[in-house]
Amino acid sequence: MTATPASPVRIGKAAVGALGMLAVATGALESVVTPTLPLLQRELDMSPAEGALLSIMLLITGALVTPVAGKFGDRYGGKRVLIRLMVVVSAGGLVSSLAPNLPVLLLGQVLQGAMVGALPLSFVLVREHLPAGESKVAIGVVSGLFVGGGMAGTLSAGPVAEGLSRHWMFALPTIAVIGATMLVNRLMPHDPPGRSDDARVDWPGLVLLSGTLGTLMLVLALAPDIGSQPLVLGALIVVLAAFVTGWIAVERRAASPMVDLHMLARPAVWKSCVLTFVMCVGTSVAVYLVPQLFAVSAGEYGFGAGATEIGFFLLPGAVAASLAGPISGIGARRFGSRAVVTAGIVIMAAALIALAAVHTEVWHLVIGKMMIALANGLCVTAMVTSTATSVDQSDTGIATSLVLVTRVIGYAVGVQVSGAILTAGTPSGSDVPAESAFVTGFVIAGAVTALCLFVARTMSKGVKE
């Protein structure tokens, strides 16, 4: 006789609460850099391009870690992998809090990026240990608490950095992460590992994609200095081409590829990827440029805002982003995905062009950033939903992962290009970029976003109820 596996142990509210506390802590730790980036650039003597690189390191690491975390969760059990990921995150938070310079802080952000893979594992644990109806409620609670933690981090990072130091703005949420991880380890039962043959990791693809993204970011960061070091930039471009070529070759032949490139041949998938990339470029331009514009001295053309004020000004955008998902779902059911995506493109393009033309008052930037965050949420949610429903059920995970990887690349490229534009637009001997550099960034992002309407027109309308 073969033994039947034991049913998963049912968890109580305390275990779900521990996961919620962990979501709040990681959300706070993830969000502290954005409102304090101008402060970090001043204290660590960073150029705008270097600041852009700092702001995206966590996201890039997360995009690479997430699929591996899922595979390891299948192989070894979700709780075991979650705890180990949080050990890495805690180490990253401590490194960031003690960092004396930019390279060490970049290392800390790389380690912190492991937190992106932790949230899906939390959802897996909830689904394994609760009935279907209760698990949906618990997942919603954990997701909402992660968003709430991000808002709390956005608001608190500035006061902590200005009242104590930049070191404490990383240290305090890290301490919370450590405490929440210990609670999860104590209260969450172990889940049995799955079948190891379903959890193959595409290590060559992962390494080559890591090299591709890292080299691409370096190329964009060094682009403003092409006149002073053309040979270095040229060499990096050659290395980038080699990484891309090798990655494509490996992914096309891999038995279990990290990213199934064959799926890109399907119109629904490649259109969603193109739209997602451009929308995230547009969003990331605003995410990077708006705080920088807030921080420019009031004696120039900015507002001289400190980190605390910047966090407060960014809060409406965070609220709009959190509401965009549900609004997108309702809109897609009533009008179809194409209508939602088209509306999002129009809103974002108009907001970016408006910011380029009018940015003389704080409320101009607050409203513009809020509309861009809303538009991005509308589009990305609708495109993920459209992609998931346009392929076979067995291909849903592969297709949506392509869209999500594209989202990360678009965000990273947009931020890094914005940093390069500000670096190139900073006069020699000055720390303040010319106002025209901000205008250029907004105009380019708005024009590229508007061109997406030609792709959106060819999308299927989507299912309406």
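T36 touches A157, G158, A161, M169 and A307, leaving aside residues up to four places away in sequence; contact here means heavy atoms within 4.5 Å. T36 lies in helix α2. Helices (H or I, at least four residues) and strands (E, at least two) are DSSP runs, numbered from the N terminus. The relative accessible area of T36 is 0%, so this residue is buried. Buried stands for under 20% relative accessible area, exposed for over 50%, and partly exposed for values in between (1.4 Å probe, protein chains only).

The structure is a predicted model, in which local features need pLDDT of at least 70 and side-chain atom pairs count only at pLDDT 80 or more, while totals for chains, interfaces and linings use all residues. Residues are numbered from 1 along each chain as its sequence is written, and side-chain values use heavy atoms, with hydrogens and water left out.

The protein chain holds 16 helices and zero strands. Of its 465 residues, 50% count as buried. Contacts in the chain were also sorted by sequence separation. Among those between residues at least 6 apart in sequence, 80% join residues at least 24 apart.

Helix α2 (residues 33–43) also takes part in a link to helix α8 (residues 166–187). The side chains of R166 and E43 form a salt bridge, at 3.1 Å from N to O. The criterion is a side-chain nitrogen of Lys or Arg within 4 Å of a carboxyl oxygen of Asp or Glu. By this rule the count is one salt bridge. R166 belongs to α8 and E43 to α2, and the pair, 123 residues apart, links distant parts of the chain. E43 is at 47%, so E43 counts as partly exposed.

D45 sits in the loop between α2 and α3 (48–76). Its phi is positive, about 55°, although D45 is not a glycine. With a relative accessible area of 68%, D45 is exposed.

Helix α8 packs with helix α4 (residues 78–98) at an angle of about 160°, the axes being 8 Å apart. Axes are lines fitted to C-alpha atoms, for helices over the stretch in contact, and angles run from 0 to 180 degrees between N-to-C directions. This angle makes α4 roughly antiparallel to α8. Angles under 35 degrees count as roughly parallel, over 145 as roughly antiparallel, 65 to 115 as roughly perpendicular and the rest as oblique. The crossing of α4 past α8 is left-handed. A left-handed crossing has the near helix turned anticlockwise from the far one by less than a right angle; clockwise gives a right-handed one. On the α4 side, the contact residues include K79, L82, I83, M86 and V89; on the α8 side, they include H167, F170, A171 and T174. The contact of α4 with α8 divides into 11 nonpolar, eight polar and one charged residues. In this scheme Ala, Val, Leu, Ile, Met, Phe, Trp, Tyr, Cys and Pro are nonpolar, Asp, Glu, Lys and Arg are charged, and the others, Gly among them, are polar.

Helix α9 (residues 203–222) packs with helix α10 (residues 230–253). Their axes are 9 Å apart, and the angle is about 155°. The two helices, α9 and α10, are therefore roughly antiparallel. Their crossing is left-handed. Among the residues that meet are P204, G205, L208 and L209 in α9, and V232, L233, L236 and W247 in α10. The contact of α9 with α10 comprises 17 nonpolar, five polar and one charged residues. G205 lies in α9. Its relative accessible area is 0%, so G205 is buried.

Helix α13 (residues 337–357) and helix α16 (residues 435–456) have axes that come within 8 Å and cross at roughly 160°. Hence α13 and α16 are roughly antiparallel to each other. The crossing of α13 past α16 is left-handed. Contact residues include R338, V341, T342 and I345 of α13, together with V439, F442, V443 and A445 of α16. By class, the contact of α13 with α16 has 18 nonpolar, three polar and one charged residues.
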